[in-house]
Number of protein chains: 2
Amino acid sequence: MARNIQVLLASRPSGPVEETNFNVVETDVPKPGPGEVLVKNLWLSLDPYMRGRMSAAKSYAKNVEIGEVMVGGTVGQVVESHHPKFKAGDHVVGSLGWQLYATSHGEGLTVVDPKLVPLSAYLGVCGMPGATAWIGLLEHCAPKAGETVLVSAASGAVGGVVGQLAKLQGCRAVGIAGGARKCEYAVKELGFDACVDYKAGKLIDDLKAACPNGVDNYFENVGGEVMDAAFRVLNPFSRVALCGLISDYSAAEPYGTKMMRALLVNRVKLQGFIVFDRQDLYVRAVSQLVKLVSQGKIKYHETVAEGLPNAPKAFMGLLKGHNLGKQLVKLA
Amino acid sequence: MARNIQVLLASRPSGPVEETNFNVVETDVPKPGPGEVLVKNLWLSLDPYMRGRMSAAKSYAKNVEIGEVMVGGTVGQVVESHHPKFKAGDHVVGSLGWQLYATSHGEGLTVVDPKLVPLSAYLGVCGMPGATAWIGLLEHCAPKAGETVLVSAASGAVGGVVGQLAKLQGCRAVGIAGGARKCEYAVKELGFDACVDYKAGKLIDDLKAACPNGVDNYFENVGGEVMDAAFRVLNPFSRVALCGLISDYSAAEPYGTKMMRALLVNRVKLQGFIVFDRQDLYVRAVSQLVKLVSQGKIKYHETVAEGLPNAPKAFMGLLKGHNLGKQLVKLA
């Protein structure tokens, strides 16, 4: 008989995440109660925000408690349904956590069609990361054709969509990524106009060369020295969408940003945002992204770990930038 | 026969401004050409932005060149006019610089009425600093009644107006200032609900106590550690109007801001702004401020230095926070 596998938070990391922060356990498959569905998860999404949920620091969402199942986006198939909106066999995307089986009252579960795009895409380019790119770029930066869009973590699940949406808007798309392979991927596979390798040691000069007309829109995923350098090339009246600060998440002490003056002098608008604040835009973003992906107008790449027991290691790799594109765990 | 007095930029400061950076000279009173007016300045405004114009660093406006007259806002009286819009005896506010007499083609000169508010007020509460407060608070923060407004440099020319406009909007107005005297002035004379002394050594705790419901709107004049502390008490969806970073202007190395994460987690909108970008709002702001001041609904304080030769010393004092309210130089 089938058994459930779950990954629990065993301890809170102090600094970099370690495998001992997780506990992989085997449990009974839960029984769905009245009004509930039982879902078998097929794919788990790994995302940088999970690092915040592992810590005790106050954030925009409830932290995971010690001993609880790690939070995470999933796509799976309904095994048994006592819920009028779902039937056995339906494919559903939601946030059922790092586990093979889960029951749900249906909140936050959406039926998706694997004939439009592959199931895993609903966790990446056509899911939360894609919607994050769409909302941050189109709603908060609102770039005009001919402007330059700069995005950090350009080869990541979010950054890759930002650059391609920028191109579709008629903008110059410039990425920042770590290493020649990621930069090449952004330019050759995703169609960025340029991508700067922050590990090459001359980030500011390289940014100036890649952005000859300066930067009008900056989509920030990384923070730290990368952000400080990007602030130096901002144009007057530019917009910054502050989406993530991954370089700070595991640091003992946050980086001190020196170029605040650039935000003043250039009259910059900086907007921190969380994708889930705008449910209206989320739905619109996903439906447009499904269309663009199915038409081949937006490309994506997935880095896949096999099986739930490998999720902790894959997550640690994600935080160190080992992935290319969307980091997933294939569960079944 | 009358002589002109001018204060020239003698050298660019490296770090704190010194008197040797200025050169006070006596020259002939200029003769107005066709289409020009000759103005005798009565008051000179001293403002933190002038520190930026003394340096060679790129900013939003042209720097003062070595040997040029220092830039600055003035209010004076037309002595002789060859311009159809002005007649001898008119009082005019403009930006004629650190000098007793100046000619002008009339651009940027506005006739003002000394019967509505005292002439000097057109350089402070009813001039550029007042309009800065108005635009930053009402346009960029847009506080709602019941919200908390926090402003740094609360006893300064801009900060004092921010707090009073916040009260008129039905908000809780909390200031940050340096020293007990300035804080007492903000609360007892300007009507702030509370004012925190950043020199008292427990800024974060004091801010939390003064803002029991957190901060919804933060008007930043200072930067550095003060800003980092204020970022810690921001509420979700709060707004930051980034007006000035005076603590950085004379520092050899800019302060490293550690709390960028607070802008992300709380989905903060931060907007850098310069008052002169919005001429439409400027005119509306000044006309409303003249009305509020003449009705006694907005109060102000002036710190006055006597005579142009004392302007450099007064400016150095301003950068060190020695002034209370608007720093002026009385020229005649």
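This is a predicted model: local features need pLDDT of at least 70, side-chain atom pairs count only at pLDDT 80 or more; totals for chains, interfaces and linings use all residues.

Colleague: Okay, how are chain A and chain B related?

Modeller: Chain A is superposed on chain B by a rotation of 180° with 0.0 Å of shift along the axis, and the RMSD is 0.0 Å. The two copies are thus related as by a two-fold rotation axis. Within chain A, the C-alpha nearest that axis belongs to Gly256(A), at 1.8 Å from it.

Colleague: And how many residues does each chain put into the contact?

Modeller: There are 25 residues from chain A and 25 residues from chain B in the contact. On the chain A side, α8 (260-265) and β13 each supply at least two residues, and α8(A) gives the most, with five residues. The same surface serves both copies, since 100% of the contact residues of chain A recur in chain B.

Colleague: Which strands make up the whole sheet, and in what order?

Modeller: It is an open sheet of 12 strands with mixed pairing, in the order β10(A)-β9(A)-β8(A)-β11(A)-β12(A)-β13(A)-β13(B)-β12(B)-β11(B)-β8(B)-β9(B)-β10(B). At the edges stand β10 (194-197) of chain A and β10 (194-197) of chain B, each with a single partner strand, so one side of each has no neighbour in the sheet. On average, neighbouring strands of this sheet are turned by 15° against each other, direction ignored.

Colleague: Which strands does α4(A) lie across?

Modeller: Helix α4(A) lies across β9 and β10 of chain A, and runs at about 170° to β10(A).

Colleague: Switching to α3(A), is that helix largely enclosed or left open?

Modeller: Of its 12 residues, 10 are buried, so α3(A) is largely enclosed by the rest of the structure. The buried ones include Val158(A), Val161(A), Val162(A) and Leu165(A), and also Gln164(A).

Colleague: What covers those buried residues?

Modeller: The cover includes the helices α2 (128-141) and α4 (180-189), along with the strands β8 (148-152), β9 (172-177), β11 (215-220) and β15 (326-330), which belong to chain A.

Colleague: How far apart are the ends of α3, and what span should one expect?

Modeller: At 1.5 Å a residue, the 12 residues of α3 (residues 157-168) of chain A should span 16 Å, and the end C-alpha atoms are 17 Å apart, which agrees. After α3(A) comes Gly170(A), with a positive phi near 85°.

Colleague: Which residues touch the most other members of the largest nonpolar core?

Modeller: That core has 231 residues, and Leu137(A) and Leu137(B) touch the most other members. Leaving aside residues up to four places away in sequence, Leu137(B) touches Pro143(B), Val149(B), Val162(B), Leu165(B), Ala166(B), Phe219(B) and Ala241(B). As a general point, nonpolar side chains tend to be buried together in soluble globular proteins.

Note on methods
Residues are numbered from 1 along each chain as its sequence is written. Chains are lettered from A and ligands numbered from 1 in the order in which they are written. Helices (H or I, at least four residues) and strands (E, at least two) are DSSP runs, numbered from the N terminus. The expected span of a helix is 1.5 Å times one less than its number of residues. A residue is buried if 20 or more other C-beta atoms lie within 10 Å of its own, exposed if 12 or fewer, and partly exposed in between; C-beta atoms are placed from the backbone. Two residues are in contact if their C-beta atoms, placed from the backbone, lie within 7 Å. A nonpolar core is a set of buried Ala, Val, Leu, Ile, Met, Phe, Trp, Tyr and Cys residues joined through C-beta atoms within 7 Å. Two strands pair if DSSP finds at least two bridges between them. Axes are lines fitted to C-alpha atoms, for helices over the stretch in contact, and angles run from 0 to 180 degrees between N-to-C directions. Copies are superposed by least squares on the C-alpha atoms of residues with pLDDT of at least 70 in both.
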